[in-house]
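User: Please take a close look at the ligand surroundings in this model. I would like one connected description.

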Amino acid sequence: MKEILDAIQSQDSTAADFAALSLPESYRAITVHKDEAEMFAGLESRDKDPRKSIHLDDVPVPELGPGEALVAVMASSVNYNSVWTSIFEPVSTFGFLERYGRLSELTKRHDLPYHVIGSDLAGVVLRTGPGVNAWNPGDEVVAHCLSVELESSDGHNDTMLDPEQRIWGFETNFGGLAEIALVKSNQLMPKPKHLSWEEAAAPGLVNSTAYRQLVSRNGAGMKQGDNVLIWGASGGLGSYATQFALAGGANPICVVSSPEKAEICRKMGAEAVIDRNAEGYKFWKDERTQDPKEWKRFGKRIREFTGGEDIDIVFEHPGRETFGASVYVTRKGGTITTCASTSGYMHEYDNRYLWMSLKRIIGSHFANYREAWEANRLIAKGKIHPTLSKTYSLEDTGQAAYDVHRNLHQGKVGVLALAPREGLGVRDQEMREQHIDAINRFRNV
Ligand SMILES: C/C=C/C(=O)SCCNC(=O)CCNC(=O)[C@H](O)C(C)(C)COP(=O)(O)OP(=O)(O)OC[C@H]1O[C@@H](n2cnc3c(N)ncnc32)[C@H](O)[C@@H]1OP(=O)(O)O
Ligand SMILES: NC(=O)C1=CN([C@@H]2O[C@H](COP(=O)(O)OP(=O)(O)OC[C@H]3O[C@@H](n4cnc5c(N)ncnc54)[C@H](OP(=O)(O)O)[C@@H]3O)[C@@H](O)[C@H]2O)C=CC1
């Protein structure tokens, strides 16, 4: 591994040098264990502690198949899907690996008693499999997390519709929270040159998801002037949705839960910010009953910011707790676009407000290759910036996942894999200087 790291850090190494490097037999990887899938049985979600289920193990380097690449991971990031994996909710991810393993001789590799997790990376290509022409050893890359087989016609207009669509490092093995990762080569994209490894690894999953959900015609198709209600506006998804709204000439109405988070949204450029804690919204009277008066109070607050207008697009992901309110505050003909249900997936809303006002609910999930590429291009051009707040070592990934599970973080939480320290990997210092304040906006807040 030292030789690999030396080659990456020496700026003179050629593709041939990288191709000539011998691969180690094993690598350090963040895993969960199949025989521990029941370890939290009977506990409330919030009491399930990722620090207990997340391990740092030495695991064998997987065999490289056609169309695939092995990547030396310099840095990765924590996504909420790794929190779900680590608390074995809503289902154990070992079921996904078993199902994938039944597909073919090659996919059997994924069905193991351990799951190497993680759905983001920035690093360097080490080896490519047969049929890979666009990428070579030594290329500095980020990887998006869409894994597709594309053997069915269903996915050929929009690869997210492939029947064998999976999220890499969640529904497949050999993910990014590790020193080496196995990806399909069509997950690779150029690493933005003005960013360090950990900054480049931070946006991937959430930036691509927010792009499809809010901007793409496959999602809400946001346009200039739209009032966009963004839940968790300083969190992983929300910090990118807020940037897309501002950069696209829309009007974000940001919801957060503390004055510090409200301040970050203002620093991003948002003017309308609601602190849901300070204003004490209680959309549920008890576990079964919502309070429409609270939906109305929330809607009036939004109208104060918009000069009486209602919401064109709701960027939804908290789910059960907020969904009734989200449907209510949307304007006639508006859109609620949802990609998650952090607070519970059985949603309740008053359907009269949906059909009588011709609103639409759109389900959105990650992004296709093109959308992920366009989202990464915006990062590379300095139009959208990483929202990295803090970086952990691979050893401390359990703590990093705990922070995200307990909503103790801001923006994105990074993890250093092979990178010995933060700040390495910047190849365009001049461009970096132009955007340095925006790049550092979430740091240590
Ligand atoms: C990028 C980052 C993203 C995120 O962070 S997202 C958040 C994290 N992700 C999650 O929380 C999602 C986790 N996934 C799940 O909870 C489950 O994954 C799903 C609920 C999405 C799906 O459940 P399942 O049981 O895997 O799939 P089924 O489609 O219900 O298939 C079970 C059996 O039911 C059959 N079936 C499906 N649809 C129908 C139908 N309409 N009528 C009759 N049968 C149906 C299937 O074929 C299959 O059958 P057979 O077991 O024999 O193979
Ligand atoms: N389908 C897909 O492709 C994707 C789905 N996801 C899912 O989306 C969800 C959010 O992910 P991500 O943004 O990265 O997570 P984060 O935890 O980084 O951010 C979510 C934010 O949502 C807010 N929030 C949490 N619970 C509630 C609640 N009950 N009511 C209102 N607001 C709440 C919090 O902000 P505050 O406290 O400030 O209000 C929090 O910061 C997760 O469930 C994740 O699995 C994520 C990426 C892709």
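**Ligand surroundings**

In this predicted model, the residues around ligand 1 are N81, W84, P90, F96, R99, I167, F170, L205 and H365. A polar contact accompanies this shell: an oxygen atom of ligand 1 sits 3.2 Å from a polar atom in the side chain of R99. On its own, ligand 1 has 1100 Å² of accessible area, and the protein covers 34% of it. At least two residues of the shell come from each of α4 and α5 (94–101). Sorted by class, the shell around ligand 1 holds 6 nonpolar, 2 polar and 1 charged residues.

Ligand 2 has 25 residues around it, of which S257, R276, T342, F366 and H409 come nearest. A nitrogen atom of ligand 2 is placed 2.9 Å from a polar backbone atom of C339. The protein buries 91% of the 910 Å² that ligand 2 exposes when taken alone. Two or more residues of this shell come from each of α4 (80–86), α7 (204–215), α8 (236–247) and α11 (320–329), with α7 giving the most, 3 residues. The class counts for the shell around ligand 2 are 10 nonpolar, 12 polar and 3 charged residues. Both domain 1 (2–206 + 367–443) and domain 2 (220–363) contribute at least three residues to the shell around ligand 2.

Conventions: Residues numbered from 1 in each chain as written. Chains lettered and ligands numbered in written order. Predicted model: local features only at pLDDT ≥ 70, side-chain atom pairs only at ≥ 80, totals over all residues. Heavy atoms only, no water. Near = heavy atom within 4 Å. Polar contact = N/O pair within 3.5 Å; in protein donor to acceptor, adjacent residues only side chain to side chain. Areas by Shrake-Rupley, 256 points an atom, 1.4 Å probe, with all protein chains shown as cover. Helix = DSSP H or I, 4+ residues; strand = E, 2+ residues; numbered from the N terminus. Nonpolar A, V, L, I, M, F, W, Y, C, P; charged D, E, K, R; others polar. Domains from an automatic or database assignment.
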